[in-house]
Structure formats: C-alpha cells, structure tokens
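This report looks at the spaces inside a protein and at the surroundings of its ligand. Please keep the sequence and the structure in view while reading.

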Amino acid sequence: MTPLLTDRAQLLARLANIEEFDLAIIGGGATGLGVAVDAAMRGLKVVLVEAHDFAKGTSSRSTKLVHGGVRYLAQGHWPLVWEALRERQRLLKNAPHLVHAMPFVMPAYRRIDQWFYGLGLKLYDLLAGSAGLGPTQFLNRQKTLLTLPGVKVTHLVGGVQYWDGQFDDARLALVLARTAASHGALLLNHMPVVGLSTEHGTGRVLGLNCTDQETDTPYSLKARCVVNATGVWVDQIEAMTQTQVGHVAEDKVLHTVRPSQGVHLVVDASFWPGKSALLVPHTQDGRVLFAVPWQGKVLLGTTDTPRLVVDWEPQALESEIDQILAEAAQYLVKAPQRSDVTSVWAGLRPLAQSDQRPQQQGATQNVSREHTVRVFSNGMVSVSGGKWTTYRAMAADVMQSIRRAQLLSLTSDDITSHQPLWGAQDVSAIDDSDPYRPYGTDAAQIRQLPGAENWLSPQLNEAMVRFAARYEYARTVEDVLARRNRLLFLDAAAALVAAPQVASILASETGVSPQLAEFELLAKGYLL
Ligand code: FAD
C-alpha cells in the first residue's frame, strides 16, 4: 500500500474543514492510538490530538516486552496474564516487523528457586495454551552458562528458560497512528488540548480546544464523544471539565492515577552478551530486574518508585540508578559502572488508584496493572492503566463502553484482533540488525529516497529522516532521534553527534525549525 503523506498544512486544513467528528481522542500513546485504530476501522469520523509527539509519554519508555507478565502471575493476577498472553500472540501476528519472540532465562543459585520459579513458569505456559511461544525448560548449570555467557557463575546451580515477546514501543505507536490514518482517522501531534468545550447548563462535553504548537494557532473541534487517553495526565483533562480555563482547585481534582516511575539504564552489549534476556524475579527490594538485549545494546531495569509530580521528561533519581547498578552487579560478570551507561531514561506507569483521594505515597510494586474505563455523565470516557501489550484489548473495551452507554451507535463486533498493522510483513528472513527491518513493507520506498547511502548512524540514514518527515509525522529532531529511530534511548552521545545533520535534513523537508537547540538540551538529560 502507498503510504499516506503527513503534510501538516493539509492535516490542519482537514481539521478546520470537518464540522463535527464522531470521536475525538486526547493522547497519542498506546491507549489513545489503539482506540483510534478500532474506531476508524468501524468507519467513524475520528480525530486524535497529541500534546507532544506520538509515544512521547510512557509509551516510548517501556521495557519493550510484549508479555503476559511473570510478575503479575506471581501476584495472582491470572486473568490479566491470560489476556496479555493472547494479546502477545496477536501482536506477533499483526506486527511481525516490530515484535519478535525472545528467550528469557532466570539463573538459579539455589535448587529450591529453580523448582519454585520453574513450576511458576510452567503455569505461565499452561495459561498461554496454544498462544505459547515455546515450552519452559529447566536448564542445568552448563546449559545456563552457554545461554547466559555474561552471568555470574559462583554458586550457580542452573536456570529456567521461558519465552516472551520484544518490540520497539515508539515505532509500534507510530504504526498504530498510520494504521488509523489509513482507515481515515485524522491524527495531529504537537497539538495539546488546553480546554474542553461544554454545553451551558448541562456540562456535557461538546468538543476540544487545542493549540498548534508550531504556530500557536488555536483550534476548536466538535465531537459527539470524547475519549481521554492521556495516561498519567488523565486527571488533568478530567479537571478541565470542571472549569473553562483548565485550572481547578487541588481539592477538586480527582486522583484516579497513581504514577509509578520506572528507570532504565542502557549499556554496551558486551555487558550482557548473547541473545537471551536475564530475568531476576525477586530483587532485594522485591522488584523484577531485567537485562534485555535490544537494538545492539542492553537495557537494565527497572524501578518502581511512586511519584507525585508528572513531568513530560521524568528524571531518574540517583537512588534508582544506584539500585539498578547494584542489582546488576550481583548477576553480571562484567558489572557496569556509571561511566558505562550510554543512555538513561525514566517513564511513569499510569497505575489505577484504588480510591480517589490525593495520591498516596508508598510502594507501587503490587498495585494492579489492570486498566479502568470510566464513562462520565458529561459524556467523556476516560481510560487509564493497563500495559502496552494489552492496548488492543483496552481499546476494544473503550469502544464497548461507548456502545453500552449509547454515546455512539456501535456494534459489539471484534474489529481489530486479526487486523495486520501498517507495514506488516514476514521479516523472519531479514537479519535482526538490518536497519530497514522495522519498516516492513515501507522499506523499498525508503531505499528509493534521496540520501539512502548517507548514514548518520548505523541505523539511520538521510532517506529515513526524509521518510519520517513526509510519512511519519516527524517535525523535530527529537521526534526523529527519540522515536522514529531510537538513538537517543540507546546512546545519547551518539544522538547528539547525529542531531545537526538530522536538523538540516528535517528543515529542508518541513520548512520549520527542527528545534535542534531544544534537542541538545534534552539529550544531555539522557547522559549520566
Ligand atoms: P502515554 O503513553 O503516557 O500516553 C498519553 C499521551 O497523552 C502522552 O503522549 C501525552 O503527551 C498525551 N497528553 C497528555 N496531556 C495531553 C493534552 N493536554 N493534550 C493532548 N495530549 C496529551 N507495558 C508492557 O506491555 N510491556 C513492558 O515491557 C512495559 N514496560 C514498562 C516499563 C516502564 C518503566 C513503564 C513506566 C511502563 C511499562 N509498561 C509496559 C506499561 C506501558 O508502557 C504503559 O501502560 C503504556 O505505555 C501507557 O500508554 P498510555 O497511552 O496510556 O499513556
């Protein structure tokens, strides 16, 4: 299929010309984009507006696992695990260019741990049933060392290997945006919602007021139904229904989301050689530690730290960095030091708050990862919580909540389970490290664009930047180096080196400032 151009002037002209949308979605993370795909495939007139860039929030900062969640199994959240395992299978089928199966190994230093966790993982296989990716296996010491060449050997008795999925979160978000657009949805990034328009007297939500961040131009749009899918910002949007100016007294704000920060450190592959990921199911403070090979580097993480402030760029705490390095040093033969970290980033989990009082402090490891959909009497629908893996099921749930509340006339059909996402192609014959692999069916077209031979980094060439500007909604250097390509998340210093060239290519494509200086400032925050 020929990709659709994402020329911003044309998108804005469309926005101004449509009198009323059926559905307006606020937030372009996994959740909002999933809703956009489902709604657009139903033939609804859909608009989605995103304050920054698609996946700028939590959806680009995950551990990159498409998984049932071994930890949630241990916590007894079996229905969540069961559902996520089925969604894992669907994603592998519907987006094979971005999702692949990966072996995970849990090293055991006590025989009892090997049995305990091994039997738990057999239960994981049972829950997966025909959606399983491969059987859990007990490994002896020698096989564990062969599979995990970077693991500490002293007192090692063996290991347990199981299977899960891995993906590129920000690119999957983009693929959802492009899938929705291919079904007629209008999507705009860099377009924050600054207020809601409501009916005088009833308070019914009639539409959104937003601002084009590039020009400061205000836009108002009307919609029959509004979905608030803003993750950890969901309460801020809800507060806008209580006031016309978007500001409300603190004691009136509902606190439905409990943000929990997770930090990742990225190090060179030499710290964790091989193709298998490491799982430590129970660290000293009761978390899960992963060391996951990803795009030629290794991700170490993560933490689970309650946060009261929701920043666009959450910062890793020194204590979180120390925790991850200390924990990694317990299991990795070559223990990384601070100076070995090539990128550090943090994300905020939008966990559901059990009651709606101001946010509570305290541990968040055991707070449920299930999602909540709330339909308000003013007609707005809010969705939060859940996991990347279950975005499709969450979207289906949102659409069914809208149907049950009779906000729109919809069928109860499952629309998206078998829908291949944009670019879907069998890439099993293509090497993992091939930079064109994530582009799927778009790869041939990119190779034809000017600059395909001009490499700015091992995974990014000039043609890819041009493609990002023309077909992937990219406007700024950050859009390209953080989310169309993942260099900022992998190696912040290398991203700083590539940035000026990316800026000049982008500027020649879009004609607007690519915000190079802003990117340089941001990227410094990803360096340790
Ligand atoms: P977000 O991605 O935050 O999207 C909300 C969007 O709303 C943002 O883009 C924001 O810019 C936008 N927005 C906010 N205010 C406005 C406004 N006024 N106007 C317009 N737009 C606005 N899940 C997995 O399945 N696998 C994993 O491995 C995994 N690992 C994780 C690791 C960490 C550290 C964290 C934090 C989460 C992890 N998750 C994982 C969970 C998963 O990442 C989240 O559940 C998911 O990304 C949430 O998506 P969302 O769309 O609800 O929120």
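The lining of the largest cavity divides by class into 5 nonpolar, 4 polar and 3 charged residues. The model is a predicted one, and in it this largest cavity has a volume of about 80 Å³. Among the residues that line the largest cavity are Gly34, Val37, Glu87, Arg90, Tyr391 and Arg392. At least two lining residues come from each of α2, α4 (78-94) and α10 (391-404), and the largest share, 4 residues, is supplied by α4. Because domain 1 (8-59 + 170-256 + 359-404) and domain 2 (75-166 + 258-352) both contribute to the lining of the largest cavity, this cavity lies between them.

The structure holds 6 cavities of 30 Å³ or more. The second largest cavity is lined by residues that include Leu85, Arg88, Tyr124, Asp125, Tyr162 and Trp163, and the elements giving two or more residues to this lining are α4, α5 (111-128) and β6. Here α5 gives the most, with 3 residues.

The second largest pocket is lined by 39 residues, and those nearest its centre are Trp294, Gln295, Gly296, Asp432 and Ser433. Its lining takes two or more residues from each of β4 (99-108), β6 (158-167), β13 (289-294), β14 (297-301) and α14 (487-490), with the largest share, 5 residues, coming from β4. Since domain 2 (75-166 + 258-352) and domain 3 (437-524) both give residues to this lining, the second largest pocket lies between them.

The table sets out these spaces with their volumes and the classes of their lining residues.

| Space | Volume | Lining by class |
|---|---|---|
| Largest cavity | about 80 Å³ | 5 nonpolar, 4 polar, 3 charged residues |
| Second largest cavity | about 50 Å³ | 6 nonpolar, 3 polar, 2 charged residues |
| Second largest pocket | about 970 Å³ | 20 nonpolar, 10 polar, 9 charged residues |

Turning to the ligand, Thr31, Glu50, Ser59, Leu65 and Thr389 come nearest among the 36 residues around it. The shell around the ligand consists of 13 nonpolar, 18 polar and 5 charged residues, and at least three of its residues are drawn from each of domain 1 and domain 2. A nitrogen atom of the ligand lies 3.0 Å from a backbone N or O atom of Ala51, a nitrogen atom of the ligand is 3.5 Å from an N or O atom in the side chain of His67, and an oxygen atom of the ligand is 2.7 Å from an N or O atom in the side chain of Thr389. Of the 1000 Å² of accessible area that the ligand has on its own, the protein covers 95%.

Note on methods. Residues numbered from 1 in each chain as written. Predicted model: local features only at pLDDT ≥ 70, side-chain atom pairs only at ≥ 80, totals over all residues. Heavy atoms only, no water. Near = heavy atom within 4 Å. Polar contact = N/O pair within 3.5 Å; in protein donor to acceptor, adjacent residues only side chain to side chain. Areas by Shrake-Rupley, 256 points an atom, 1.4 Å probe, with all protein chains shown as cover. Nonpolar A, V, L, I, M, F, W, Y, C, P; charged D, E, K, R; others polar. Domains from an automatic or database assignment. 1 Å grid on protein atoms, 1.4 Å probe; cavity = no way out; pocket = protein on both sides within 12 Å on 5 of 7 lines; lining within 4 Å. Points joined across faces, edges and corners; volume = space filled by probe spheres on them.
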